[in-house]
Every structure is written in structure tokens, then in C-alpha cells.
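I'll jot down what I look up as I go.

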Amino acid sequence: MKNGKTRWDWLLLDARAMTLADERGYGLIEDAAIGIVGNRIVYAGRRADLPLAPDTMAERVELLGGALVTPGLVDAHTHLVFAGHRAHEFDMRLNGATYAEIAQAGGGILSTVRATRAASEDELFAMSLPRARALLRDGVTTVEIKSGYGLDVESERRQLRVARRIGQALGITVRTTYLALHALAPEFVDRRKEFVDAVCQEWLPRLHGEGLVDAVDAFCEGIAFTPAETRRLFEAAGALGLPVKLHADQLSDLGGAALAAEFGALSADHLEYTNDEAVARMAKAGTVAMLLPAAYYCLRETTLPPVEAFRRQGVAMAVASDLNPGTSPILSLRLAMNQACTLFRLTPEEAIRGTTLHAARALGLAARKGRLAAGYDADLAVWEVGAPAELSYWIGGPGPTALFANGLRLH
Ligand code: DI6
Ligand code: FE
């Protein structure tokens, strides 16, 4: 038997496996068998090719009744650790106020910063855990969680610690991102340079030293931080060997995506205003285009990200929820998949690739997440659906009937 064990821990049978093993297509295997040892997949193939009689091969053999098995979903862009909500701003926007006007009037991100700073670590954990559970119920087994609602080192630390705790509490994989330049801290108004200095020279090294930072991010936008300030942050991250990602070209073209590509960013995110030249640079750098259709929908944007250019240039597209209280209060990655198809015209195959393989790549996890293949982490979602397109087609409805994360059966 593989991995030196006499018997596998799990053998799943009577299933259709969506392996995503190739660069195109779903990689569907009819009448599939999936073997799990510990936290890894050791076999993902045809039942007919199993070397021994199934019931002799594993401690637990489970027949899935012809269900569709996919890799566990990867939500590679969330801000799910925060306190409070912004429903009042939702109401204001419905009465004509723009996102930028609300931010410039001291609301927006700073409104959530005030609430988050006032919450203890345990309170933040208690408020945020149900949001992570909602994603898990939707099939998510890997989630990226950003800070960015603290804007001082202690509050950012609390957010990042809560993110780590959520992964431990739910048994899912969490990757943390220090969203170091999200908004100018109120204590530094008119002192931008000092704020960026504190972030780059003190807070980032300290939080990294505490093992809380897997990647670094910024909001490069007219209402947030300039390309020059973003560059300073990326240089500081590079000096520490940390990968970067960027909220880029969401509301205007400041050259954010090109800047991200210049630094070999794991991903550039939003991208509604990204130009062709920047797409070419992303292709050359291997930077993933992270599409966030729920924010586009909530802001009633009208400028679409250049999906056709991403396809033409071979830029991998990921899809994420951008779960946050301001522009994307969405608790379903599958709804974001539906929006990516309906609003951005992604195909259902691109949407599921975007929440597995390409999303894993945007987190630097492509070698072990997002595929059903021997050697990959045993993250699997079992769906009572007939056609793969149903994963993006249905709006709402039941999530997976079974979910495995790192070889542990979560439900
Ligand atoms: N872009 C966004 O859409 C979110 N952050 C960002 O950089 C908005 C976050 C918020 O409004 O709370
Ligand atoms: Fe975001």
C-alpha cells in the first residue's frame, strides 16, 4: 500500500471525481475512487484500477451514491474578521451617496476600524467565527483572511491572531494577509509619511516576527494609498521575504496591477480598470487575476474587469468573495461564482477553477491545494448535483453533503 501504511484511512467510492488535473476541462472521472491517508490524497482514479478489493484497502469505505466530488473550495480574498456592520451605509448608498463620498466623510473602512478596535480578541473571534462557518457550509476548506481594520499594531495583531484561531477551531486551512495599507489611521491624519514609515519599519517586521503574516496587501486607490506608498510597502515585504498581493484598479486605473506584477505579486485583486499593458505584465509575472464580483455588484459598478484580455494573455483567473462589511457583505463563495459567470461572463468551468486551482495559486498553495490528485491535501467537497455547472448555476441552496479538510471529515 502507498505511504507505507497497510490500509488507507478512507476510501470513497461510487462518485464522479472532478480532478481538475489538466490545464483544461473538469478532469472528470466516472465511477471514481479516492483514497486518503492522514491529511493527503493517495489515490484519485478509476475504481476499476484499484490494486486490491476495496473493502480490504481502507479502514472506512464510503459509497457516495454517484455524488460529484470536487476539491475543497478556496476563498482566496476575505476580510471576514471585523466587528460591527455597515447596513446604515448600505441605506445611504441606496439614497445616492457613493462609496468614495462616505469614505471621505469619515465612514467606510474607518467606521469598521472604530468598531474593531473596541472589540477584544475573544469578541472578534466570536463575531467572526460564524462568518467562517458560513463559508465552510458552502464548501470552503481553505480561506485567506486579511487584517486592515485595526490600523495600529495591537489591533492588527488581534485580527491576525483571530484569523489563526479560526483555522484551528474549524480545522480548515487559513492563510493570513496583513492588509497594511487599507486606510490612513485617524491618529496619522496629515501625517501620511509617518504612517507608512510605522507600517514598513515597525509594525510589519514585528507582526511577521510573531508568525502572524503569510502575505502583505494594500489598497492602491485614489481614496486609499498611492502607487509610491504601495511600492514602499512592497519593498519592505520583499526585504522580509514575504509575498505580496494588491487591491488594484478597483475604482480607477492607478497602475496598481502593473505595480503588483512588477513585484511578482501572488495576485492583483478587483481589476475593473486594469489596462491591456498591465494584463501583459501580469501574464509575464504569473500574477493571478483575482476577480471579486460581489464588490462589483454591491457598488453597482459598470466597468467590467478585462476578462477577455486575461483569457487572451493566459492570466489565471481566480474568484473570491471579498467578504467585508462595506463593499461585499456576502457569505457564500458559490454566489460569487454565480456572479462571476452572470456579471463577468466566466464559464462555469472557469468559475470552479477560479475557486480551486487558481485560488490556491493566488495563495502560494498550488502544489497542494485545489486539485484531486495523489500528493494533494485531502480537501474534498461532496455535492448532490448532476452537472458540474450546477455549482455556479444555483443561487443559494444546500452546500456539500460531506466535507473533508486535511483528511478530517468536517461533516
Ligand atoms: N477594497 C474593498 O472593496 C474593500 N477594501 C478594499 O480595499 C472595502 C472594505 C470596506 O469598505 O470595509
Ligand atoms: Fe478586499
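Predicted model: local features only at pLDDT ≥ 70, side-chain atom pairs only at ≥ 80, totals over all residues.

Which domains does the domain assignment of the protein give? I find two entries: domain 1, made of 8–71 + 371–409, and domain 2, covering 73–362.

**Domains**

I looked up how the two domains sit relative to each other. Their C-alpha centres lie 30 Å apart. For contacts, I get 26 residues of domain 1 touching 23 residues of domain 2.

**Cores**

Next I went for the nonpolar cores. The largest has 102 residues, and L80, I166, Y178, F195, L233, M282 and F310 have the most contacts inside it. I checked which helix gives the most to this core, and it is α6 (residues 192–209), with 8 residues. Apart from it I found another core of 20 residues, including A15, I36, A402 and F404.

Skipping neighbours within four places in sequence, I list L151, A180, L181, A183, L184, A185, F188, W203 and F225 as its contacts.

**Largest pocket**

How much space lies in the largest pocket? I get about 550 Å³. I count 26 residues lining this pocket, with F90, R93, C298, L299 and G326 nearest its centre. Two elements give two or more residues to the lining, namely α1 (87–94) and α10 (293–298). The largest share, 5 residues, comes from α1. Sorting the lining by class, I have 16 nonpolar, 4 polar and 6 charged residues.

**Y149**

I find Y149 in the loop between β6 (140–146) and α5 (153–170). Is Y149 buried or exposed? Its relative accessibility is 1%, so I log Y149 as buried, given that the cut-off for buried is under 20%.

Which residues is Y149 in contact with, leaving aside its neighbours within four places in sequence? My list for Y149 reads H79, V81, F82, I109, T112, V113, T116, E156, Q159, H182, N324 and P325. I followed up on one of these, H182. Y149 and H182 are 33 residues apart along the chain, and I get 7.7 Å between their C-alpha atoms.

Conventions:
Residues numbered from 1 in each chain as written. Chains lettered and ligands numbered in written order. Heavy atoms only, no water. Core = buried A, V, L, I, M, F, W, Y, C linked by side-chain atoms within 4.5 Å. Buried < 20%, exposed > 50% of the residue type's maximum accessible area, 1.4 Å probe, protein only. Helix = DSSP H or I, 4+ residues; strand = E, 2+ residues; numbered from the N terminus. Contact = heavy atoms within 4.5 Å. 1 Å grid on protein atoms, 1.4 Å probe; cavity = no way out; pocket = protein on both sides within 12 Å on 5 of 7 lines; lining within 4 Å. Points joined across faces, edges and corners; volume = space filled by probe spheres on them. Nonpolar A, V, L, I, M, F, W, Y, C, P; charged D, E, K, R; others polar. Domains from an automatic or database assignment.
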